[in-house]
Amino acid sequence: MGHAGRLSHASRSTVRRRLRGRHRSCDIDPSGVHSDEEFMSDSTIPGGTFTLLSGVTLTRMGYGAMQLAGPHVFGPPADREAAVAVLRDVIDAGVTHIDTSDYYGPHVTNRIIKEALYPYPDSLHLATKVGARRDENGGWPHARTPDELRQGVYDNLENLGLDAMDIVNLRVGGFSRPEDGSIEEPFTVLAELQQEGLIRHLGVSTVSAQQIAEAQAIAPVVCVQNFYNIANRQDDELVDSLAAQGIAYVPYFPLGGFTPLQSDALGAVAARHGVTPMAVALAWLLQRSPNILLIPGTSSSQHFRENLASATLTLSREDVAELDAIGV
Ligand SMILES: NC(=O)c1ccc[n+]([C@@H]2O[C@H](COP(=O)([O-])OP(=O)(O)OC[C@H]3O[C@@H](n4cnc5c(N)ncnc54)[C@H](OP(=O)(O)O)[C@@H]3O)[C@@H](O)[C@H]2O)c1
């Protein structure tokens, strides 16, 4: 396992100056109880923040690191310096939530994150996923035996240079939908790793409501990461029920992922506001529910800035009604 990966008080001051004072420290609520009003607190970053049930506060505008690896999320990127620069822009903008996995590349994305950001500012929370691996054809087979899960967590720690992961999601289904079946055995392995101090907070990914309930009976679940966007609304009920429980919902493929979102309604609303359809898609998610945290993926600093700016866009009731029709 690597170093602690966190900065001393003196070093933190230096980094905070480097970050032009735009970071917020994480707010710990020892009671672990949060009212609706506490879901979003003040933050200078567009979109505000959300406090997980475990007391950790994340910016609602996060960043998904998957696009930093090479084509098809395999091998190194064409321009490693550009990847490093995107990550530094993400941090400089005050984003405190980066989503990654050691199977991106594999290992490539985490090593770029470490190169760009280590030692990490204490405001930054890295979330990862275990439960899959890459095969020689670039496929994403499951890797959910106890040994594979343990190794997955060790690999993340090693490549990120951390002693403990902030958030580990158990990835269960494929890319597009959950798969039936019990997750008791694999989630218990992650709960054990949490007891051992290697994981601070647990989440689940590509799961059904039934699987989330099964996990909650084993250990607290602070976030759920599923496929959801303006055109793929199969989790509408789940988003609302998780909001009622104070659990974060982190949609992956917020911009459509490997198949970019396209719709006349999206284009029409974007044209009215003078912004891109991507900005409207992200703004719609932010307005959809206060427990939605965004991790749009990009390999471009320009796109990152556009995505962050989308959080300043306010959609009217009429806009939302028009956009809601896309996903039904
Ligand atoms: N739990 C899971 O199983 C799972 C699965 C998939 C992904 N994820 C996570 O979710 C994150 C988001 O998903 P994603 O990256 O696959 O898909 P996404 O965020 O929906 O879309 C990424 C694509 O959109 C492009 N893009 C981003 N911003 C843009 C902009 N402003 N204008 C035009 N194009 C833009 C990117 O290209 P450029 O690089 O050219 O900007 C990239 O091709 C990932 O990074 C990963 O961390 C989790």
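The model is predicted. The protein has 328 residues, and 46% of them count as buried. Its secondary structure comes to 11 helices and nine strands.

**Overall fold**
- The buried share is 46% of the 328 residues.

**Ligand shell**
- The ligand is surrounded by 28 residues.
- Gly64, Met66, Leu255, Gly297 and Thr298 are the closest.
- By class, the shell holds 11 nonpolar, 13 polar and four charged residues.
- Helix α10, residues 301-309, gives the largest share of the shell, with three residues.

**Helices α2 and α3**
- Two packed helices are described by the angle between their axes and the distance between the axes.
- Helix α2 spans residues 80-92, and helix α3 spans residues 108-117.
- Their axes come within 9 Å and cross at roughly 60 degrees.
- α2 and α3 are therefore oblique to each other.
- The crossing of α2 past α3 is right-handed.
- On the α2 side, the contact is made by Arg80, Ala83, Val84, Leu87, Arg88 and Ile91.
- On the α3 side, Ile112, Ile113, Glu115, Ala116 and Leu117 meet them.
- This contact has eight nonpolar residues, three charged residues and no polar ones.

Methods:
Residues are numbered from 1 along each chain as its sequence is written. This is a predicted model: local features need pLDDT of at least 70, side-chain atom pairs count only at pLDDT 80 or more; totals for chains, interfaces and linings use all residues. A residue is near a molecule or strand if its C-beta atom, placed from the backbone, lies within 6 Å of it. Helices (H or I, at least four residues) and strands (E, at least two) are DSSP runs, numbered from the N terminus. Ala, Val, Leu, Ile, Met, Phe, Trp, Tyr, Cys and Pro count as nonpolar, Asp, Glu, Lys and Arg as charged, and the others, Gly among them, as polar. Axes are lines fitted to C-alpha atoms, for helices over the stretch in contact, and angles run from 0 to 180 degrees between N-to-C directions. Angles under 35 degrees count as roughly parallel, over 145 as roughly antiparallel, 65 to 115 as roughly perpendicular and the rest as oblique. A crossing is left-handed if the near helix is turned anticlockwise from the far one by less than a right angle, and right-handed if clockwise. Two residues are in contact if their C-beta atoms, placed from the backbone, lie within 7 Å. A residue is buried if 20 or more other C-beta atoms lie within 10 Å of its own, exposed if 12 or fewer, and partly exposed in between; C-beta atoms are placed from the backbone.
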